[in-house]
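Reader: Could you walk me through how this assembly is put together? I'd like to go over the contacts and a bit of the fold.

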Amino acid sequence: MFFNIAPSALILLIIALCCGAQATENAPHNSAYGDAFVIGVIGEPSVLIPMLATDSASHDIASLIYSGLIKYDTDLRIIGDLAESWDISPDGLTIIFHLRKDVVWEDGTPFTADDVLYGFKTITDPSTPTAYAEEYKQVQSAEVLDAHTFRVTYRQPYAPALTSWGNMTVLPRHLLEGSSIQKSPLVRKAVGTGPFRLKEWVPGEKLTLVASPSYFDGRPYLDAYICRFIPDPATQFLELQAGTIDCMSLTPLQYSRQTNSSYFLQHFQKFTYPTFSYTYLAFNFLHPWFQDKRVRQAIAHAINRREIVDGVLLGLGEVATSPYVPHTWPYNPNVPEYVYDPQRAIQLLDEAGWHLRDNDGVRIRDGKRFEFTILTNMGNTLRLNTATIIQWRLAQVGIKVNIRVIEWSTLINEFIDKKRFEALLLGWSIGVDPDQYDIWHSSKTGTKELNFISYANTDVDRLLEAGRRTFDMAERKRIYGEFQKIIAEDVPYIFLYVPYALPIVHRRFQNIQPAPIGITYNIHRWYVPREMQRYRLIP
Amino acid sequence: MLFYCFKRLLGMVPVFFGVTLLSFFIIQLAPGKPTDRLTDLNPRITPEARARLEQYYGLDKPIIIQYVAWLSRVVRFDFGTSFSSDARPVLEKIWDRSVPVLDRRLMVTFLINVISFVLIMIVAVPVGVLAAYRPHSWIDRITSVVVFVGFAAPKFWIALLLMMLFSVTLGWFPISGIKSLHYASLSETAQYLDRLRHLALPVFVSACGGIAGISRYLRASMLETLSSDFIVTARAKGLPESTVVFRHALRNALLPIITLLGLSVPGFVAGSVIFETIFGIPGMGQLSYQAIMMRDYPVIMGLLCITALLTMIGNLIADVCYAYSDPRIRMR
Amino acid sequence: MNETIHMILRNRLAVAGGGIVLLLCSVALCAPILAPYDCNAIDVTAILLPPSVHHPCGTDELGRDVFSRMLFGARISLAVGFVAVGIATVLGVLVGALAGYYGRWIDSVLMRWVDTMLCVPDIFLILTVIAFIGEGIVNVMAVIGATSWMGVARLVRAEFLSLKEREFVLAARAAGAGDARIIFLHILPNALGPVFVSAILGVASAVLLESALSFLGLGVQPPDPSWGNILMEGKDNIEIAWWLSVFPGLAILVTVLGYNMLGEGLEDILQPRFKNRRY
């Protein structure tokens, strides 16, 4: 799980609700090698080592450079990436991975199980500042059986185990050993086993990846993947029209109103599918006002989420009611619902002791006005508009909201990590596995960890623990269904919406096949027929 | 003449101290105090960031010591390292030695302003002279109206409209940045042309305001000069009209313009924050905007001091030029 | 007095400018009455509608009526203009009066201070201070005021320098009036003409500055409307909502034009006494 700084990110894991039939894969000719794919993104990666980064921009780029042991297939089954196959012991406690023998690092050094072990040791090392160590702490022992066999044993059955080995990107031991990982040059000059390798990173401008000839699944057809950092969607859109970028994530307005002309239909292809993410309003439990459940529930009733989906997403999304995406298997539709009911909100606020009002109509109690600030990140108009709608609706029940927009890295480092906020409007990208321990467990409230709202509920803790210990899908569904009920009742977050991803790609790129996991999962198979190639010399 | 320069240089010293005082005063405005409640969950600055500031500027020490420390830093051009995640020295962010000269922020801004200045002079002088020469003619009236209206319109609005027209609709100019994506693969001439194409709109928009102002002042100044005695004398002497206008009148009329230019020197190095944001130009203005958004105080203060100092130098040069062309000033 | 009014009315520039200014001020004052909608009322069924009978200036991204928002924006822009100019004028008059009246070292020090302030480009100085004290309308007023007084100071100083040797001052001093009395009750009233003109021109410049700051997101904060704010939204939707870019820009243009015309017109009337310009 990691922060989602754009409402729709391309490389996410989702469930099929997408448009577009499953096209049969065309076998391209050799002449199809070449051309570059230029994508405009809002967020610049912070570090290129995934375990050290919590922002989706870093993860997106890292996923092209690095590989994990396993990955997801188009229908969400687990298939091998660096691991050819694996054996799970009958008791579920031991997994033996059989690694591919034909993988080499960029510099030619062969990939071995030692690299996997090194990655594992690093992520579980207490001095590594990572938010994702929890999954690997479940491991009792990890050992290299031989150069291409790796065995892991868990203390207790751990359901997300297999998935976690997909998330743990394998790092080159021969380049990192002996030095602390945060200070390693790999933070900015990544070296991986993935389809692309880093050519250059000009901070504030662009990041260039080139095809890796030694990629074990075959050299990508595209010569280069260039990421241009353009901090706002309006400029990105202008660049798209001018032809200087090939792909971007459209805003709902752009998708529905600006890309329907014949020019667009002729030159571009649009896709839309729900993302594996949701946007939420979080309360800081260290704040005395928000510790009262009635206040949180009142705010939930005062907001009309349908209105937000219609107004901000222009209908290109769904109302979120839980930390899971609707229509996925763990999703529980039968949870307490917070319909738009301002009367109920007023009632709850009165009950919570906020019944007096001052001259402006703002509620007061003990001489303090009910006024708080929602923080959100800069460069995201959808979130700003959502916050504005929330501000207006809360004003109608006597709560004054201020909105503060803060630059992304400052927001993370200065405010969230240090827990200096009252309410946050942000988004989470979530994984396919329903385990949400890292976000909701009461032990995950350390600096840089993901339970930054300091939420603590023993029942939730218990359920999260139990959900990891069984492999039985029906049992897990029951457990997480229960978990969602409690979360809905407690309202630590107000779940707002699940946005649709709205990528637009230039028509010359062939072989894009929308699937539950997005469109870029097979980017190393995209190609551009020679006669349509635009970039010959790669910058 | 030399004495005059020396006098002016000496006069700069108190202004220099004034700049350091001003910047020091601004630092004192930093939000948050050591006694802020730790339970205050929404301060304008987090206690940790405040602590960093304090350590950096010594805010907890007595004022005199703080000022002396600050002064010694300014003199050495040591503005410290940026608070942002790349933690590079401030001077390096402004004048990055690791990139080609034309790409360094200060140079980018400087180039844009210099080119726009040249453009202003090329256009404004003839327009002003013409308007003054034939006052109340249709040329004069039209230019007056255009200038007046142009002065009143917000420059960023004009920039947006022009960008819409020329970059998006007509596609004549690129939308943003100072060079194209494939710049490295172009021939050298093509590279220069590429840069020029990117600079066209920003320069044009920033010159617009200047053209409006300068032509107006020049008109007023010329009108005054043309009605003065020595012009009458010159005409009476039988000198050709062009000599009268250009050699005599214009030279005198330009004097106040030089002062005006001296006053616009600050803009040369500061860069327009708004233009650079709209056009995506990686210059000083964009740097200051980013630094301000991120509350990157070392960069902000560094930019302030450097622009102030460069401006002082620019003013000095303008004054010297003025003194050179107007002997009356020197004699005072 | 009659003669002054007569003179003013004959100057077409001043009349036109004055008319615009009067119109703007009354519109701003009556905004709550004139606005057809609540300026913050969100309507998600009316997103980004072009100008129509129901919404003469169209709607914005959240379905709010742009016309109403512009009316309230007028209030805010003019309020910022007046307060900022008020601060700048008071500061400038004080500094200029002291420098002009006392002369010698006080004058030197104060004028050096003016030079210092002029060394830093105004938008940059404003942005820097805002970085330290935070954004918001009150801060914007204060900062614009604190950075625009230099022109007034120079003006007032020039006036004082020429006025302080006049007979009426000598007479007042002979009658035993103290310095403060002389400055404020005798000299200043005579110097007010150019100050007034400068103030009017200053409002225009303050409005431009405020709209620039709001455009950058550092001025008036949402949801409060300001012309610069609406332009910021216009920039993001430049291709599909031309009304968000055109109308606020026009409003700023007309306001600044009005104040400039009034100021220039009055300046013409006060000539030849007054030649200096505000910066």
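**Interfaces and a sheet**

Reader: How much area is buried between chain C and chain A?
Author: This is a predicted model, where local features need pLDDT of at least 70, side-chain atom pairs count only at pLDDT 80 or more, and totals for chains, interfaces and linings use all residues. Residues are numbered from 1 along each chain as its sequence is written, chains are lettered from A and ligands numbered from 1 in the order written, and side-chain values use heavy atoms, leaving out hydrogens and water. Buried area means the accessible area (1.4 Å probe) that two parts lose on being put together, summed over both. Carbon and sulfur atoms give 60% of it here, and the total between chain C and chain A is about 1600 Å².

Reader: How many residue pairs are in polar contact there, between chain C and chain A?
Author: A polar contact is a pair of N or O atoms within 3.5 Å; within protein, one must be able to donate a hydrogen and the other to accept it, and residues adjacent in sequence count only if both atoms are side-chain atoms. With both residues at pLDDT 80 or more, the count between chain C and chain A is four.

Reader: Which helix gives the most residues to the side of chain C that touches chain B?
Author: Helices here are DSSP runs (H or I, at least four residues), strands are E runs of at least two, and both are numbered from the N terminus. Helices H5 (104-119), H6 (122-133), H10 (179-215), H11 (227-236) and H12 (242-270) of chain C each supply at least two residues to that side. With 11 residues, the one giving the most is H12(C).

Reader: Over in chain A, in what order do the four strands of the open sheet come?
Author: Strands pair if DSSP finds at least two bridges between them. The edge strands, each pairing on one side only, are E5 (83-88) and E7 (139-146) of chain A. The pairing is antiparallel, and the order is E5-E6-E8-E7 (chain A).
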